[in-house]
Amino acid sequence: MSLREKGAITGVGETAYSKESGRSVLSLQLEASLKAIEDAGLKPTDIDGVIPYASGVVAEDFITNLGLPDLRFSAVTPLGGASCVAAVQCAVAAIASGICNHVLIPVGRNGASQGRIGTRVQYMPQFRVVGEFEMPLGAIAPAQLYAPMARRHMELYGTTSQQLGEIAVSTRANAILNGNAVMTKPMSIEDHQASRMISDPFRLFDCSLESDGACAIVVSGADRARDLRRPPVVVMGVAEGHPDSPSVITQRPDLTRLGVAKAAPRAFAMAGVSHDDIDVAEIYDCFTYIVMCQLEDLGFCKKGEGGPFVESGAIRLGGKLPINTHGGLLSQAHMVGMNHIAELVRQLRGEAGKAQVADAEIGLVTGYGDMGDGSVAIMRRG
Amino acid sequence: MSATGIYNKLVPEPTPHSAPYWEGLNQRKLLLQKCQGCGKIRHYPQPMCAACHSMEVGWVEASGRGTIYSWTITHHAFHPGVRQDLPYILATVVLEDGVRMNAQLRGVPAKTLCIGLPVRVAFETVKEGLTLPYLIPEEPA
Ligand SMILES: [Zn+2]
């Protein structure tokens, strides 16, 4: 059995994104969840599956607060930033197998006001190996652990900091069009080049934000989705992929290949579409380089050609492959990529406002997490 | 060291699988796991050989020589303990033994960093019972 077209995103909900919510992570997630359920035209009691994000909030919290009478399915997909799209795969699989009908996938955090990344990762089990062997030597945060991948790419292929900057600049331009973005000041390549070095080659503007807020989606069976309030966004293909040496980047045979390289052929084959069919893509952007590497691993350009590809203007609105039309993790907010799924749904419903890609019918969304886990979904207007 | 002389960096928590590695560093040796089933050398320490699934482990001393595979230069203190080290180079190195390691590289100007640059491992006892590896340029033969 294939998961092709077995599920659809039927509701999305977002809180305001900020640098200090002043609220609990649970209350943020409950607000986003209620909005997503309402958007789908469902009642909270219709939810019979939940896939919580590893944020200290558990399935029981949703049963208790939403008053769910009979939750039949719960799971977690611990792939860091690849969790949300991997959770879509998990939800569609549960629905297709008949376990449940409507799965709530909430994400929320106080990433700016509580527990910054350099501290958070020390307690994450996926960081246990680097925690023992690399953190004591000073390689502590993702920026430091991921930077050697970018440096290797630059040395092998001549990729430049300005090319990475194009990703930051185009993403900021999109954030300015979004009504719910944390960063709204225009950015030029010169601004990017002037931003302080964090861990070479990553400058401040190559790094994503830390944000407070929540975002949630509802996944429903494709047949039931047709009768709900909003036009469904059908999941055509979805897959997750784990990189070689998944716990430690240092030991990875090819430092420029991420887990999504394994997932992408599966997702495209399941969807039955080609790269030229993709009208818009929301690419997980914890760092600018991670976007470039995924564009290559997904097959939108050849390995090593990500620099010239983005420099050509291809990823801008109006370009060949507009990406991160909401402003991404770099400029909208760091909602672990759930905001990427929410944006793809808006694009395919034709509700993306000033950032709407004309006649967007088919789109792609990715996740990237921990030491290179990947996930990708291809969706179409229902 | 912090201003008060107390070691305030992150410290490892050795496991039964990695304890010989950390004990080796205290004796200024870089020890690598060698599978007793198929002979494959691996790093970092783990309980099982992914090639033959043997859990019989031996330890061999690495030559300590290798070449740079990639690097980053850190300018931001992600932990209070590293603030006085800034900026510092973290190098990914291919050891002669075939595995890689990651450590701070000292004594190499940033401008001369390149893939293939020869380096070797040195050792530094940072506190009682904890010796860490770092990298220095390999002297020309
Ligand atoms: Zn073996």
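Me: At what angle do helix 6 and helix 11 of chain A pack?
Reply: In this predicted model, helix 6 (residues 142-157) and helix 11 (residues 288-298) of chain A pack at about 60°, and their axes are 10 Å apart. Helices here are DSSP runs of H or I with at least four residues, numbered from the N terminus.

Me: And what about helix 7 of chain A, how many of its residues are buried?
Reply: Of its 17 residues, 13 are buried, so helix 7 of chain A is largely enclosed by the rest of the structure; buried means under 20% relative accessible area, exposed over 50%, and partly exposed in between, with a 1.4 Å probe and protein chains only.

Me: Switching topic, which residues hold the zinc ion as donors?
Reply: The protein donors are the SG atoms of Cys35(B), Cys38(B), Cys49(B) and Cys52(B), lying 2.3 Å from the zinc ion, and donors are N, O and S atoms within 2.8 Å of the metal (3.2 Å for Na, K and Ca).

Me: How are the donor residues spaced in sequence?
Reply: The spacing of the zinc ion's donor residues is C-x2-C-x10-C-x2-C.

Me: Anything to know about the numbering and the model?
Reply: Residues are numbered from 1 along each chain as its sequence is written, while chains are lettered from A and ligands numbered from 1 in the order in which they are written. Because the model is predicted, local features need pLDDT of at least 70 and side-chain atom pairs count only at 80 or more, while totals for chains, interfaces and linings use all residues, and side-chain values use heavy atoms, leaving out hydrogens and water.

How values were computed
Helices (H or I, at least four residues) and strands (E, at least two) are DSSP runs, numbered from the N terminus. Axes are lines fitted to C-alpha atoms, for helices over the stretch in contact, and angles run from 0 to 180 degrees between N-to-C directions.
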